[in-house]
Amino acid sequence: MNEFGKRGSNTNLKADIGLENLGNVYWNLSPAELVEDTILTGEGVLTDTGAIAIETGKFTGRSPQDRFIVCDANTENTVWWGDINKKFDADKFDALYNRMKAYLTGRDVYVRDAYACADDDYRLNIRVVTELPWSNMFASNMFLRPTEEEIENFNPEWHIVCAPNFLADPELDGTRQQNYAIINFTKKMIIIGGTGYTGEIKKGIFSVLNYVLPHEKEVLSMHCSANVGEDGDTAIFFGLSGTGKTTLSSDENRRLIGDDEHGWAPNGSVFNFEGGCYAKTINLSAEKEPQIYEAIKFGAILENIGFHPGTTTPNYDDDHITQNTRVSYPIHHIDNIMVPSRGTNPKNIFFLTCDAFGVLPPITKLTPGQAMYHFISGYTAKVAGTEAGITEPQTVFSACFGAPFLPLHPTKYAEMLGQKMEESNVNVWLVNTGWSGGEYGTGSRIKLKYTRAMITAALKGELENQEFITDEIFGLNMPTTCTDVPDEILNPKNTWEDKQAFDAKANELARSFVKNFQTFESNASEEIMNAAPQVMVK
């Protein structure tokens with residue numbers, strides 16, 4: 001057994017998590033060393049941007065049905081069990097991990113010491129052990145990076161073991177299929193196998209923080225991006241994948257705190273969980289998203305992209321592998337960032353939705369009741385072509401804009417957000433980044449420059465004194481004018497030629513909201529229930 005890298009010893013792996021008799025153990029290698037190993041092992045290609053391009057194999061996205069939580073004395077009565085949080089037997093976890101350890105015997109592994117949470121009061125030390133060099137590089141990009149001195153005396157609280165080429169035997173191991181991501185809160189460990197998709201590493205720790213921080217620390221964990229203006233005003237952007245969290249928080253006039261995961265502490269601190277960004281690259285261009293485009297350089301990892309023929313030049317329009325092409329890069333690849341990655345109580349919160357039905361306004365200001373209703377609903381839509389079998393727009397409701405990552409019941413996060421909104425007197429806006437002038441296939445997507453202009457107007461307080469009108473079905477308050485935005489698009493009904501068709505589609509979406517919210521009605525106040533859309537009766 002040989003060891004390479006700056007710090008660490010195999011004794012720690014054996015004592016802490018039982019890994020022994022390994023091949024070469026590479027500790028805390030630099031990005032350059034990990035890029036070199038990725039190329040030498042035939043796992044990646046160096047693109048002409050300087051970024052390494054890799055393919056994650058069979059899985060090009062997370063597999064929510066194969067993510068489990070060990071059910072034991074600590075979690076049995078605290079975790080929100082069901083379709084999202086699926087139980088896994090503690091003995092089965094031990095047996096599966098023993099087989100993983102046997103698989104890794106004699107194999108080279110890469111070890112990364114890192115941490116989550118940019119607020120030292122809530123720091124979580126993590127040790128990541130990976131089979132592949134680019135998986136380790138992803139952990140280096142996405143988690144916060146300790147100093148040399150901190151690595152010298154690093155004490156991990158959580159461990160992740162990731163072996164994409166080790167496949168589970170469902171009949172023997174109790175998994176659904178050969179891939180799995182399993183969280184054990186008692187042993188403070190995540191094991192991942194059968195999938196190379198790096199997002200499982202990132203979202204595994206996010207799920208851990210979504211349990212530990214609200215349950216034990218009274219910190220609201222949030223699936224959101226955040227930035228800070230020149231006057232020190234913090235803004236938060238909630239939204240599901242594809243709604244624009246990363247894009248809209250990357251603003252050359254504001255400093256980025258982070259693009260995806262944050263905590264809101266009792267003292268008002270809004271802090272990044274991560275040390276990097278994980279952005280979609282499909283149809284990426286320098287004109288539309290300059291900060292992300294320019295962040296793709298040496299040290300970044302491109303996932304599942306295509307190339308222009310005969311070159312190593314990425315083709316961001318190529319979706320032959322997946323629509324979910326991605327780039328991972330350390331946050332310092334963006335120039336105007338907050339250092340450290342923290343802000344104060346937010347002045348504005350934006351709920352982002354990509355409404356493919358074309359009926360929600362581009363921007364509305366929400367009342368407290370509406371804010372809670374839409375936070376609990378967590379609506380967006382999938383459009384045709386993004387997933388197999390989807391031929392027309394489909395509604396997606398994900399509580400708190402992040403249900404797949406919430407180990408606790410959604411009402412816990414909603415109650416915490418409601419309390420914080422009241423205490424900080426924050427403005428809450430619903431922003432539709434989706435379609436106008438008709439649904440997907442008929443209308444067109446709202447231009448990014450218009451969405452940016454509306455958000456800028458809200459941040460500057462320019463919408464405060466504008467005239468607002470109320471949508472008759474959803475009860476949403478729409479401004480009638482906004483700088484650099486055509487007035488006619490601010491009321492979506494105006495953009496439809498067939499007004500009756502608009503009413504029919506709006507009613508269809510309203511019924512979906514009402515049906516989805518039935519699960520939460522028993523825990524909702526009268527104020528929240530009064531924010532539900534009113535289905536028009538013909």
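These legends walk through close-up views of a predicted model. Residues are numbered from 1 along each chain as its sequence is written, and side-chain values use heavy atoms, with hydrogens and water left out. Since the model is predicted, local features need pLDDT of at least 70 and side-chain atom pairs count only at pLDDT 80 or more, while totals for chains, interfaces and linings use all residues.

**View 1. Helices α2 and α4 cross each other.** Helix α2 covers residues 31–40 and helix α4 residues 133–142; their axes come within 8 Å and cross at roughly 155°. (Helices are DSSP runs of H or I with at least four residues, strands are E runs of at least two, and both are numbered from the N terminus; axes are lines fitted to C-alpha atoms, for helices over the stretch in contact, with angles from 0 to 180 degrees between N-to-C directions.) That makes α2 and α4 roughly antiparallel, a label for angles over 145 degrees. On the α2 side, P31, L34, V35, D37 and T38 meet P133, W134, N136 and M137 of α4, where contact means heavy atoms within 4.5 Å.

**View 2. Helix α4 is mostly covered.** Here 10 of the 10 residues of α4 are buried, meaning under 20% relative accessible area with a 1.4 Å probe, protein chains only. Among them are W134, F138 and M142.

**View 3. I160 sits in the largest nonpolar core.** Such a core is a set of buried Ala, Val, Leu, Ile, Met, Phe, Trp, Tyr and Cys residues joined through side-chain atoms within 4.5 Å. Not counting residues up to four places away in sequence, I160 touches I126, R127, V128, V129, F143, I190, I192, I201 and I205.

**View 4. T364 lies in strand β24.** The strand runs over residues 363–365, and T364 is buried, with a relative accessible area of 0%. Leaving aside neighbours within four places in sequence, T364 is in contact with V428, W429, L430, L476, N477 and M478.

**View 5. Helices α10 and α13 cross as well.** The axes of α10 (residues 368–377) and α13 (residues 499–517) come within 10 Å and cross at roughly 80°. So α10 and α13 are roughly perpendicular, the label for 65 to 115 degrees. Y373, H374, I376 and S377 in α10 meet F513, V514, N516 and F517 in α13.

Technical notes
Angles under 35 degrees count as roughly parallel, over 145 as roughly antiparallel, 65 to 115 as roughly perpendicular and the rest as oblique. Buried means under 20% relative accessible area, exposed over 50%, partly exposed in between (1.4 Å probe, protein chains only).
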